[in-house]
Amino acid sequence: MALLTRAPKAEPILGQNRVVAHLLALLTWIIGLLFFFPLFWLVLNGFKDEADANASPKLFFEPTLDRFSEVTEDNQGLLSFTEAFGNSFWIVLISTTLVMALAIPAAYALAIRPMRKWRDVLFFFISTKFLPIVGAIMPIWIIARDLDLLGTRTVLVVLYTAMNLPLAVWMLRSFFAEVPKELIEAAQIDGCSLMGQIRQVILPIVAPGLAATALLCVIFAWNEFFLAVQLNPAGASTMPVWVNSQQKFQGQFLAGLSAASVLATFPVVIAGWVAQKRMIRGLAMGAIK
Amino acid sequence: MAEVRYEAASRIYPGSEIPAVDSLNLDIEDGELLVLVGPSGSGKSTALRMLAGLETVNEGGIFINDVDVTLKPPQDRDIAMVFQNYALYPSMTVAENMGFALKQSGVPKAQRMEQVREAARILDLEPYLDRKPKNLSGGQRQRVAMGRAIVRSPQVFLMDEPLSNLDAKLRVQTRTELADLQARLGVTMVYVTHDQVEAMTMGHRVAVLKDGILQQVDAPRTLYNAPVNRFVAGFIGSPAMNLVDTERIDGSLNAIGLPIELSPGVAAAVAAQSEPEFTVGVRPEHLAVGSEGVDGEVSVVEALGSESFLHVRVQHQGGETIVVVRESGQSDIARGDRLKISINGPVHIFGADGERLAD
């Protein structure tokens, strides 16, 4: 599973396929820009007056940071930006750390020392994702209530860990499976312990995969809304719930909502940028042949 | 310094009935370079991996210096292995790769560096110690893999087709260097290859395997001159020995229309076998083109310069067969020429069961 690989230099294409190749390239650009446009519009709106944001689209306007200061102001008892950001930060950090700590040994067991029926195990992992979360929210809510966890950060840490673990196991398994088995055998012969093999030999090779997996877990946990709003709608909740609270029942709120969304998106973009640096493949090159 | 002994060692892969290595008995002397050779699927790599501790020994045992290592994990066997794809740690530099095993066994850094430097000097790797494997050529990587083995001064060196990823010229050069290195260090080495030329040129003794069963283990010359069965006869030697299936007629053998002279011992063995089927083997250099012999037509000429190999179509017991004849490299014989060939060297006779008939 090569998520992000080093971009190859564009090669000139010879012969009759040139026109087709250029058309395909153009199409790719169009689709890419189409995907990017909503984000672009969101950012643009964040810097507008409410009046401008709700008026018919215009390209030139006087940019202002007022919306950003408005939405980050303390919200009289409601979930504030700083609270939501802090909650999200800790919930995402702890759940992603837990996911990785559990998924790495699982992936090792599935990819490098597969036990009998390992395919079934893998299937069982992903089977939890077949159930729509709406279908499970009732029992989850009751269990959380009985454990006195409603409205706590803990319940979200537990749920986000459970939510991301199957995905992480699947992704890491495929990265681990690409580690040449001779490398592990060489490490064994060199007298490396099991933990040493994982730490010193396997993890450096799968580092790009670890970064990609962790990034996805961060994104999913950071953006998760349904569980947060159901189990923890108040003071201990997360960024998506805070963004949602910027919707007003009266007056105009599109620009404010956009500004809030930009603020909520920002950390994910940073995380993606950091992870991407580590995701560049090619580390495993030179191990064999 | 070590002796290695396989005692009826077998490996049966889970889910398989047939052993990949079938009760292998093999004694490897101290300081010997023993080559395990065979076609793919012969179990040669499995046999090596059993010695390394990377494969379970299902039956029998393996001893290093009379110590039973059958159940010991690889790290407790004091062996080093060079893999076909080298298996260098990509995140470590050449020096770190070579010093990895020493680091694991807790050798202090200064001493480690000294040993790494010494090995790098032997292998001409000193300028590359700070490089990562991906910045090395194939030949350099191969030497790093060697260096990783040398640094530890293990009891036994295990080589799993270490040269097969090199190009032809480098392979021949490295082959010699490796044999020389083994002799200088005086270490015991077990070397796996599918290339019989590599086996013959490097091995003090060569063990030929087929379908997990050891066929013959002998010095290269003995293997060449007295192959114990049809398989070894056909496997060792390039181009391969001419093997012609024939039938006993009136107590004597005849191949491609040429009567075969038999020593008294072989003649008795031929007479004693109940089935009439035999195989006659003659090496290409023991067939000669001349004024006498049977008629044949040249179908292919392989001119190597130093010698030529003629593929000659001849009549044999009512059918046609092709035999390979060695000729001088400067011979003018061309495709389509008609000529006479005769036998001018030793002949190998194999019985219906494929075994060599004793002299």
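Which side chains meet in a salt bridge at 3.5 Å, N to O? The side chains of Arg152(B) and Asp190(A) do, a salt bridge being a side-chain nitrogen of Lys or Arg within 4 Å of a carboxyl oxygen of Asp or Glu.

1. The model is predicted: local features need pLDDT of at least 70, side-chain atom pairs count only at pLDDT 80 or more, and totals for chains, interfaces and linings use all residues. Residues are numbered from 1 along each chain as its sequence is written, chains are lettered from A and ligands numbered from 1 in the order in which they are written, and side-chain values use heavy atoms, with hydrogens and water left out.

2. Across the interface of chain A and chain B, two salt bridges are found. Helix 8 (181–189) and helix 9 (194–223) of chain A are the elements that give two or more residues to the side touching chain B; helices (H or I, at least four residues) and strands (E, at least two) are DSSP runs, numbered from the N terminus. Helix 8 of chain A provides the largest share of that side, eight residues.

3. In contact (heavy atoms within 4.5 Å) are 23 residues of chain A and 27 residues of chain B.

4. Chain B holds an open sheet of four strands in the order 2-1-4-5, with antiparallel pairing; two strands pair if DSSP finds at least two bridges between them. Strand 2 (21–28) and strand 5 (67–68) of chain B each have a single partner strand, so one side of each lacks a neighbour in the sheet.

5. Strand 1 (residues 4–11) and strand 4 (residues 59–64) of chain B run antiparallel and are joined by five bridges. Tyr6(B) stands opposite Ile62(B) in strand 4 of chain B.
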